[in-house]
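Here are some comments for a colleague who is about to look through this entry.

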Amino acid sequence: MPNQPKPDPSDAVYSQEVPAERPWSRILKRGQTLRIVDIEGQQAVDALLYCAEDPAERYSAQDTLRVQGSAYIELGTKLVSNKGRVMARIIADTCGRHDTSAGCCSCESNAVRFGEPTKYQHACRENFILELSKYGMAKRDIVANLNFFMNVPIDPSGNFTVVDGISAGGNHVDITAEMDVIFVVSNCPQVNNPCNGFNPTPVRVLVWDQPAV
Amino acid sequence: MVGRTKAEISEANRRRYEELRAAGQEATPKALPPATNLDGAPIAPQSVISREEVPSGWYDTVRLRRGEALRIVDTSGLSSVSVIGWCEHDPSERINCADTAKVQWSAALSKGRVILSDMGRVFLSLIEDTSGAHDLLMGGSTPASTLAAFGESARNTHDNFLAAASKLGLGLRDIPPCVTFFAPVSLDAAGRFVWNGARKRPGDFVDLRAEADLLLVLSNCPHPLDPARPAAGGPVTLVRHRAPPAAADDPCRTTSPEIARAFQFTDRLYEGRM
């Protein structure tokens with residue numbers, strides 16, 4: 001599947017910079033396309049999708065990987081819900097490698113991984129909890145998420161490593177909604193591993209309407 | 001931290017990360033205990049609390065208290081068992097496959113490894129394991145996957161989890177990604193999932209020691225990658241038993257500094273120090 005022709009940013013119906021370490025969300029209507037731009041490069045963007053009509057239906061990492069038969073998110077990947085429906089598709093990708101097996105950082109897992117003082121560092125799960133509260137959801141609703149621009153190779157022996165991102169400044173990924181979805185993002189604050197090059201930076205989100213046929 | 005520049009902090013964090021990675025992927029795997037023999041680790045009759053046989057396609061719910069263990073036996077060598085679980089006193093805390101892989105630097109579960117919750121605590125320790133061939137990444141069967149494989153609707157793990165959760169007052173929102181035992185899934189160099197059927201043997205078993213008070217759901221449905229479907233499947237035996245107490249040098253507790261911390265945080269929950 002080739003990359004779709006680039007939509008013109010001047011045609012975007014929405015454009016917003018998401019500051020480093022901050023959350024963002026928006027309801028994407030069916031047919032709308034969201035672009036996430038890694039402005040400076042090597043910036044992980046954690047993401048969750050919920051069916052706007054019934055948020056108990058939500059993005060499922062395992063269902064997505066099972067349907068695809070392979071372990072990484074890339075151009076053409078269908079993002080599948082916990083009811084087996086396609087919620088969205090990756091229609092353009094200038095980075096080439098995204099993760100959905102490594103989850104999001106949390107104060108609690110940071111304390112385990114990097115020592116107890118890191119419990120008091122901002123984390124994606126804090127962002128998700130705050131952003132989801134706007135839609136009446138809570139920690140219970142946080143599932144295994146997408147990590148755009150995050151590079152987590154898994155080798156045949158099972159070795160599982162967050163390594164330096166391959167995303168260069170200006171790389172982007174375009175996601176087209178196939179149903180109305182609540183799209184929730186945490187611009188990852190992690191400074192203890194290479195997912196953000198040890199330096200969290202802003203990203204930009206743009207939305208286009210479905211092109212007229 | 002006073003006096004250090006941002007670049008110096010970044011450099012120090014990178015150094016710590018590389019040290020943890022080297023320990024986690026080079027030293028830790030070498031120190032893991034060998035797999036249990038098929039005829040090893042007998043359970044003393046007086047330690048058995050209960051025993052259940054789960055037919056192929058079905059599920060069971062097990063309340064497992066801290067210090068108890070659950071043996072899952074794939075009697076026929078044809079089954080795979082998908083497992084989810086919650087903290088009994090707060091089901092918003094649940095099994096987390098991503099943290100389990102990330103914290104242990106590996107998606108491969110085997111004897112000596114643990115399964116973590118989303119709150120930085122240890123839920124289950126693999127104190128015995130004959131197999132070492134389990135799946136953390138791909139998950140269980142669903143209505144769509146069984147329809148595609150069998151050409152008709154069939155019992156599946158997704159529906160089993162939903163039914164079991166509902167009987168506990170939980171629902172779809174509470175069902176996390178699952179761990180599937182006796183599901184030899186690995187990745188090829190291109191990242192595609194591969195089934196290593198030769199790693200399944202009749203009588204394979206795993207002993208999961210609960211490190212917290214847990215509600216577990218176990219679904220005995222063929223894994224969606226198992227090429228032997230729909231013929232695959234057989235009953236599995238669940239034996240709830242009193243595990244031997246963990247010694248200070250318990251292999252599951254001492255694999256890495258990360259895991260030692262996860263146990264420390266888990267123990268605090270039961271020392272009334274949270």
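**Notes on the model**

1. A point on loop placement comes first: Glu21(A) sits in the loop that runs between β1 (14–18) and β2 (23–28) of chain A. The model is a predicted one, and the remarks below should be read with that in mind.

2. In the backbone, Glu21(A) takes a positive phi of about 75°, although this residue is not a glycine. Glu21(A) is classed as buried because 21 C-beta neighbours fall inside 10 Å, where the cut-off for that class is 20 or more.

3. Phe198(A) belongs to the loop between β9 (181–187) and β10 (203–208) of chain A, and it counts as buried because it has 21 C-beta neighbours inside 10 Å.

4. Turning to the interface, 47 residues of chain B are in contact with 40 residues of chain A. On the side of chain B that touches chain A, at least two residues each are supplied by α1 (6–31), α2 (97–104), α3 (143–150), β9 (185–187) and α5 (257–270) of chain B. The element that gives the most to this side of chain B is α1(B), with seven residues.

Conventions: Residues are numbered from 1 along each chain as its sequence is written. Chains are lettered from A and ligands numbered from 1 in the order in which they are written. This is a predicted model: local features need pLDDT of at least 70, side-chain atom pairs count only at pLDDT 80 or more; totals for chains, interfaces and linings use all residues. Two residues are in contact if their C-beta atoms, placed from the backbone, lie within 7 Å. Helices (H or I, at least four residues) and strands (E, at least two) are DSSP runs, numbered from the N terminus. A residue is buried if 20 or more other C-beta atoms lie within 10 Å of its own, exposed if 12 or fewer, and partly exposed in between; C-beta atoms are placed from the backbone.
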